[in-house]
Amino acid sequence: MSDAEELLRLLLVEDSELDAELLLDRLEADGLRFTARRVDTESGYVEALAAFAPGVVISDLAMPEFSGYRALELARERAPGLPFLFVSGAMGEEAAIDALRRGATDYVLKQNLARLPSAVRRALKEADERRAREQAEAELLRVQRYESLALLASGLSHDLRNVLQPIAMGVSMLRVAADDEVRRIGALIEESTQRGLDIVDSMLSFARGSRAAAHRLQVGAVLDGLAMLLRGSLPRNVQLEIDPPPPATEIEGNATELQQALLNFCLNGAQAMPAGGTLRVRAEERQLGAAFFASGEPVRPGRYLRIAVSDTGHGMTAAVRERLFTAFFTTKEAGTGLGLMSCRRIIANHGGLIRVDSSPGSGSTFSAYLPMPAATPDAPLSVPLGSGHGERVLIVIERESKLVMLRDLVEANGYAVTAVDNGTLALQAIERDGLPDIVLMDARMTLMTGVRTASRLLEMDYRGPLLLIAGPERVSIQGDLPPLPRIRFIDRPVDPHELLRVLAEESALEQA
Ligand SMILES: Nc1ncnc2c1ncn2[C@@H]1O[C@H](COP(=O)(O)OP(=O)(O)OP(=O)(O)O)[C@@H](O)[C@H]1O
Ligand SMILES: [Mg+2]
């Protein structure tokens, strides 16, 4: 910022050159630094309000060609928060009160100009404070808006899950249909439904502020999935080019979320090329040094996967680039302005960073840098205790948030998890996938469904462990439970280490 920009911009409404000079001298003598402009007509004043953009107005009351009251009225119309002071030789008490009532910030008598500097300072300070307050209020509104969005998202995802789950269940029956064509269509619907369910989960985890489940991902497979999604949605005049990384390249993350982020970048790119062009997705390994990180970013040098999405579209101005990631910022008629915000959340959740290269007319490149797992096998999410080896665990818990949390935990530790939130779905899952190796169930479920699930397990000759999460009520339910051979209780609230230890023990027994 240059010096001139920092100076107070002072607009004087005064017909007497001499009075104006007296007044400015007084302010200067008091140490105020400013740049001033004097006007004494309405047209000059209106023009200066817009073009000079004053930080304060000091106005005489009566002038041959203009009136102070009119100046005040115009200021209130055009710049409501602008400090406006009257300086007048002839201001009776009544006129002064009237001026304040009409919205003037203060008034000073010409005979008492010594008071002017402090009056100006006070007016500026009050204006600053009001601005800060308004900003805080706007920020609060924004936060509230996010919160209600999060609420909406969790409500919607809950309802969507209820819609999708039965479809997934029904469609899985088509898989065993006799007709080839029916089986093929069934597989397609099933895949889309599963994707829908994954998105619902990721929405839920976003709304709750928790992390979606992370796995080791083959980057090539993630990009294949992306290409499949894009093929259906890119206009014909947009050419898609994908440069995958070397075949075995892996990262740690959530495939659905990453695909969602890349899809957002790609759709933006396509939308920036209304006349067509090339959309390129390129993945490559990069070594990042400390210098790469901007101030305010955690400095984590190391091996990263760079996935760059480039378009040959209209690019963007510096002004657009600055606001890209702000919620609701959009330059499109039908845009929500939430796409890039969601990209940033997803990449940040993966411990990554985004960089943008663009200028008007020369296309844009959005690069996501994702940390690559170290060569050592200790992935950050795995708890050292209890590592599974793909044992199939069926988790039945009615409280959805618990269910998602435990599913993520168990899954991240190497078990193949099916998670359902009621007994009926549990039985359907068993019907569909066969008996699991381990069942983890909340004892507090509506007792009937819990007991019925357990009885059905017994009927189906399930010999594996039934782990029941229970508090003190375990004493009272023990009598109701069917005589399954391996029932174990796990204390509520569940201690993750304890749960993983029991799972490891039980699956070791299973192996024996
Ligand atoms: N590849 C790009 N080229 C040019 N401008 C872009 C590009 N990507 C994003 N922008 C600019 O950033 C703005 C915000 O993008 P964002 O994805 O967050 O919302 P949107 O695309 O406007 O709306 P929505 O994602 O809901 O369709 C866009 O409106 C556009 O001005
Ligand atoms: Mg977008």
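The model is predicted. Its chain is divided into domain 1 (3–131), domain 2 (146–208), domain 3 (215–371) and domain 4 (392–511).

**The sheet**
- Five strands form an open sheet with parallel pairing, in the order β2-β1-β3-β4-β5.
- The edge positions belong to β2 (34–39) and β5 (106–109); each has a single partner strand, so one side of each is left without a neighbour in the sheet.
- From one strand to the next, the twist averages 20°.
- Strands β1 (residues 8–13) and β3 (residues 56–59) run parallel and are joined by four bridges.
- L10 has V56 in β3 as its bridge partner.
- Across β1 and β2 lies helix α3 (residues 42–51), which runs at about 150° to β2.

**Domain 2 and domain 4**
- The centres of domain 2 and domain 4, taken over C-alpha atoms, are separated by 23 Å.
- Six residues from domain 2 and four residues from domain 4 take part in the contact.
- On the side of domain 2 that touches domain 4, α6 (116–174) and α7 (180–208) each supply at least two residues.
- The largest share of that side of domain 2 comes from α7, with four residues.
- By class, the residues on this side of domain 2 are two nonpolar, two polar and two charged.

**Ligand 1**
- Ligand 1 is surrounded by 22 residues, of which N268, T330, G335, T336 and G339 are the closest.
- Two or more residues of the shell around ligand 1 come from each of α9 (255–271) and α11 (339–349).
- The shell around ligand 1 consists of eight nonpolar, 12 polar and two charged residues.

Conventions: Residues are numbered from 1 along each chain as its sequence is written. Chains are lettered from A and ligands numbered from 1 in the order in which they are written. This is a predicted model: local features need pLDDT of at least 70, side-chain atom pairs count only at pLDDT 80 or more; totals for chains, interfaces and linings use all residues. Two strands pair if DSSP finds at least two bridges between them. Axes are lines fitted to C-alpha atoms, for helices over the stretch in contact, and angles run from 0 to 180 degrees between N-to-C directions. Two residues are in contact if their C-beta atoms, placed from the backbone, lie within 7 Å. A residue is near a molecule or strand if its C-beta atom, placed from the backbone, lies within 6 Å of it. Ala, Val, Leu, Ile, Met, Phe, Trp, Tyr, Cys and Pro count as nonpolar, Asp, Glu, Lys and Arg as charged, and the others, Gly among them, as polar. Domain bounds come from an automatic or database domain assignment.
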